Amino acid sequence: MSTHTRDKRLTVPQLVAMKDQRRIVSLTAYSSTLAKVIDPLVDFLLVGDSTAMVGYGRPSTLSMRLHETIAHTRAVVDSTRLACVIADMPFGSYQESHEQAFRNCAQVLSRTGCAAVKLETNQALAGTVAFLVARGIPVMAHIGLMPQFVNLMGGYKAQGLTEESGRTLMADARANLEAGAFSLLLEGVAEPVARAITAASDKPTIGIGASPACDGQILVTEDLLGLGGEHVPRFVQQYADVAEVIRHACTRYAEDVRDGVFPSLQHCYGV
Ligand code: KIV
């Protein structure tokens with residue numbers, strides 16, 4: 001098992017300095033239970049707005065609320081001590097104005113202790129990124145396939161497949177780097193475009209369904225564990241079938257209870 005030899009929580013500047021040194025490893029976490037296990041294995045943990053789908057069983061990420069982001073991020077920060085924790089700002093919490101974005105991001109940072117926020121952004125929202133960074137809020141810029149734009153896209157569509165889309169993505173990347181984003185998260189981006197953005201960027205790129213050309217990778221943890229249900233994207237490699245492990249253990253438990261072989265309280269407390 002490979003763990004990182006670190007005894008303190010990774011900071012945003014340390015994450016940035018990993019570009020061209022070694023690949024960055026990251027996963028999502030929403031709960032204390034999983035965060036504790038994953039903490040020593042990754043460089044950063046993202047409390048993604050995918051919580052809405054994976055944690056609450058809702059149809060998209062659009063329903064994620066700020067108070068939910070705060071509660072889940074707080075749980076992850078409180079349960080970990082090594083990974084840099086980044087909170088994903090929910091739909092509607094930062095798009096209205098620079099001031100709204102600052103107010104909500106500041107609340108997330110101050111009430112959870114996380115190190116940074118992630119925003120789904122493009123050229124039009126780069127001004128918001130600049131406003132936040134100038135006021136002390138580190139921003140990871142999520143470009144490419146942006147799930148919060150699902151209604152505009154008419155589904156979850158890979159990006160950068162045409163020359164025009166590739167040019168738009170390059171411009172999105174440039175605008176957000178110039179705005180001060182400390183990293184770019186590329187979701188569902190065609191390999192040649194992901195490679196070109198990574199080569200042109202002095203900040204690390206983190207890919208999800210964006211090829212190995214990126215400086216690091218992220219996956220939704222439940223997807224690689226076989227707990228993702230019907231929403232698992234095709235590019236995800238499933239490393240375990242935890243759903244089957246749970247089913248097996250719970251079936252045995254149910255059988256024990258029905259058979260009356262459940263350990264008695266007297267047995268547990270030695271009375
Ligand atoms: O919400 C999320 O989990 C994400 C990842 C898919 C990158 O944004």
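Which side chain meets R74 in a salt bridge? The legends below give the partner.

This is a predicted model, where local features need pLDDT of at least 70, side-chain atom pairs count only at pLDDT 80 or more, and totals for chains, interfaces and linings use all residues. Residues are numbered from 1 along each chain as its sequence is written, and side-chain values use heavy atoms, with hydrogens and water left out.

**View 1. R74 and D78 in helix α4.** The partner of R74 is D78, at 3.1 Å, N to O. A salt bridge is a side-chain nitrogen of Lys or Arg within 4 Å of a carboxyl oxygen of Asp or Glu. Helices (H or I, at least four residues) and strands (E, at least two) are DSSP runs, numbered from the N terminus. R74 and D78 are 4 residues apart, about one helical turn. R74 is partly exposed at 42% relative accessible area; D78 is exposed at 53%. Buried means under 20%, exposed over 50%, partly exposed in between (1.4 Å probe, protein chains only).

**View 2. A salt bridge between K19 and D215.** The N to O distance is 2.8 Å. K19 lies in the loop between α1 and β1, and D215 in the loop between β7 and β8, so the pair ties together parts 196 residues apart in sequence. K19 is buried at 10% relative accessibility. D215 is buried too, at 11%.

**View 3. R195 and E191 in helix α9.** Their side chains meet in a salt bridge of 2.4 Å, N to O. The two are 4 residues apart, about one turn of the helix. R195 is partly exposed at 47%, and E191 is partly exposed at 34%.
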